[in-house]
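Have a look at the sequence and the fold, then read on.

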Amino acid sequence: MAEKSKITPEEALSYHIEPVPGKYEIVATKPMTTQRDLSLAYSPGVAVPVQAIADAPETAYDYTTKGNMVAVISNGTAILGMGNLGALASKPVMEGKSVLFKRFADVNAVDIELDTEDPEEIIRAVRLMGPTFGGINLEDIKAPECFIIEQRLKEEMDIPVFHDDQHGTAVICAAGLINALHLSGKKIEDCKIVLNGAGAAGIACLELIKAMGAKHDNCIACDTKGVIYQGRTEGMNQWKSAHAAKTDARTLEDAMVGADVFLGVSAKGAVTPEMVASMAENPVIFAMANPDPEITPEEAQEVRPDAIVATGRSDYPNQVNNVLGFPYLFRGALDIHARAINDEMKIACADALAALAREDVPDEVAMAYGTKLTFGRDYIIPTPFDPRLIYTIPPAVARAGMDTGVARRPIVDMDEYEQRLKARMDPTASVLSGIAARAKAAQARMIFAEGDDERVLRAAVSYHRAGYGQAIVVGREAEVREKLQQAGLADAYRELEVVNAANTGHLEAYRSFLYQRLQRKGYDTHDINRLAARDRHVFSALMLANGHGDALVTGATRKSAHVLELINHVFDARAQDGAVGVTALLHKGKIVFIADTLVHEWPEEEDLANIAVHAANVARGLGIEPRVAFLSFSTFGYPVSERATKMHRASEVLARRGVDFEFDGEMTVDVALNPVAMARYPFCRLSGPANVLVVPARHSASISVKLMQEMAGATVIGPILAGVDKPIQICSTVSTVNDILNMALLAACEVG
């Protein structure tokens, strides 16, 4: 089990305020640069779609964002596990939900916080906003008002209305239950099921599994006052009464005797080992209370090794995570212009999730989680970063919607629809999550070379507190302590290992090591003493070379070329040694690698071929199958130029070597990246747009990266240093805390 990551208030607030407040922005999808653009976007051109929609309202889905727009709505009366903190306080959560819609299913979402606790006011406000949206996601509204609001809105609106706190949990719970019962050889209609926590999520779970075949008489619901039994009057309402059981059980302990399934959406510690011991053979325990479950998997399996356990926590197997459901439910519903999300669509979602967990897990998913996942007791629910979710779940939801008559515009070609869904996939987030998971598994002792820089110290603290491993900071103790105090992280000093030439017991060994490397390169003992004791980059590299750390991240305070020169005193990291710099650019859901961005000033064809091999290995290491393009200003021989010829020859070198990845060139960047432009060259060996771009020289690589970063807002990771004996990554001087942390994680991945 992974350690639970520690997030400080300072880190959380910094994340939300930098580089700009909040978690999303609105971006235009049409050009707005010329007077003609403005005339088309607004007056007079906009009058044409206005009239078209007035004549045929369904065309709003064609001419506006309505068909891919969801409102995430709350009044803040039940925020997470924090209670009623008001509408304004719920905004960070609703913004977060909005970006999850976009990240996982490419659904545009806008958060709306309503400052009222009156259900009638909420119903009226949401209903009046109906023309704007293709769907409504209600969130963090307390029970029983949430039931009233959702039901009325479903009746009064002609778009999907979905309270995720209820149905999102229910769908994922149902998916896990399908597979848990499959493994235990039980049928849902035969199972005795106990629910603890009869709030919005609990009642929704019970209603959905009853719709799937669970028998009313076999289901017992409990709340803080005990069993909800027929005839009970205390603490009851119409939603609880609908699930009152005919039973003599009065406590949760009574109800658990002989139970096949326990569903918990209640509170930490609500279930005891004794209760688990009293359950039937092969019990299924879904302890979904957050942040701490009703009983931990360790406690449950200590008394019942045959138990299948799921929780709401990401650091345990079988996480019941709503993000597996709501984005894809809405994706499927929006794509058929659905009037509602009904039980059949929810059950279809649960069935599809369960079926996906039973399939072989792709290598990129295994890489992201640092382990091979196989269907079984510890893997009954897919992981949130499984790339198959986007093109597996929405079609199942859409089919169910079409079969039950809620689709305004049925999908005719489902195969083509699946291809369109695949095109919506964002590989960048799965790449980053894979890096993080592998780094956490590696538990590398990370050397942060520049302990006098606040950004580096913040990154080091984040590295340690996120559970990636030990952070070793090179710097003076007093200076590190002072910088941490200024950053509001004074308590983090004891978590870091602070090392310098004065407090290490290995300085003499470092000097000896360095002298052996440099004595025939013009360095005397005085030079060696100065380098080893006074230069933090050299000192850090010596620590790494002598095994006093597992990986090194540096470069935040000095130019990368200078830092690389210093590291070369200790390691062989020059062009002639085979070292290469590869930069990853992440932009609009796409990722490309550019090389060489660090080491080779003017590579020739053999060098370019080596660069391509290293860059392809970096791409594969991050879960991307490489397609390499050698870039130039010419394409396949025209126009003729000596500078372009070496790029063509580099491709020939790779052909002679018989490498196991796609490559071609020379070609211009539009041919490499644009399928339409590439199609003009049917003989091109690439099966799709290139994702590894090898450029003619370091200066062109640097220009390309910085242009994309400044003009397009691309996220830059790198240069990633490859071809060196030990894991070393060099940041840029403009790196943010997050950039430095990402480079540390990349270095840690090489350890793992």
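How many residues lie between E15 and E16 in their hairpin? There are two, and Lys 588 in the turn has a positive phi of about 50°.

## Before you dig in

Residues are numbered from 1 along each chain as its sequence is written, and side-chain values use heavy atoms, with hydrogens and water left out. Bear in mind that this is a predicted model: local features need pLDDT of at least 70, side-chain atom pairs count only at pLDDT 80 or more, and totals for chains, interfaces and linings use all residues.

## A strand with two partners

Start with strand E16, residues 590-595. Helices (H or I, at least four residues) and strands (E, at least two) are DSSP runs, numbered from the N terminus. Five of the six residues in E16 are buried, so the strand is largely enclosed by the rest of the structure. Here, buried means under 20% relative accessible area, exposed means over 50%, and partly exposed is in between, with a 1.4 Å probe and protein chains only.

Strands pair if DSSP finds at least two bridges between them. E16 pairs with E15 (residues 580-587) in the antiparallel sense, over six bridges, and Leu 585 sits opposite Val 592 in E16. E16 also pairs with E19 (residues 692-694), this time in the parallel sense over three bridges. In that pairing, Phe 593 stands opposite Val 692.

## Aromatic pairs

A pair of aromatic rings is described by the distance of the centres and the angle of the planes. Rings of Phe, Tyr and Trp (its six-membered ring) pair if their centres lie within 6.5 Å; planes under 30 degrees apart count as stacked, over 60 as edge-to-face and the rest as tilted. The whole structure has 12 aromatic pairs.

One of them is Phe 101 with Phe 326, an edge-to-face pair at 4.8 Å centre to centre with 65° between the planes. It links distant parts of the chain: Phe 101 is in helix H5 (residues 91-105) and Phe 326 is in helix H14 (residues 326-335), 225 residues apart. Both Phe 101 and Phe 326 are buried. The rings of Phe 104 and Phe 385 have centres 5.8 Å apart and planes at 45°, so that pair is tilted. Phe 104 is in helix H5, while Phe 385 is in the loop between helix H16 (363-369) and helix H17 (389-403), 281 residues away. Phe 104 is buried at 10% relative accessible area, whereas Phe 385 is partly exposed at 26%. There's a cluster too: Phe 101, Phe 162, Phe 326 and Phe 330 form one aromatic cluster.

## Cysteines

If you're wondering about disulfides (cysteine sulfur atoms within 2.5 Å), the structure holds zero. The sulfur of Cys 173 has its closest cysteine sulfur in Cys 205, at 4.2 Å, too far for a bond. Cys 173 is buried, with a relative accessible area of 0%.

Cys 219 is in no disulfide either; the nearest cysteine sulfur, that of Cys 191, is 9.3 Å away. Cys 219 is buried too, at 1% relative accessibility.
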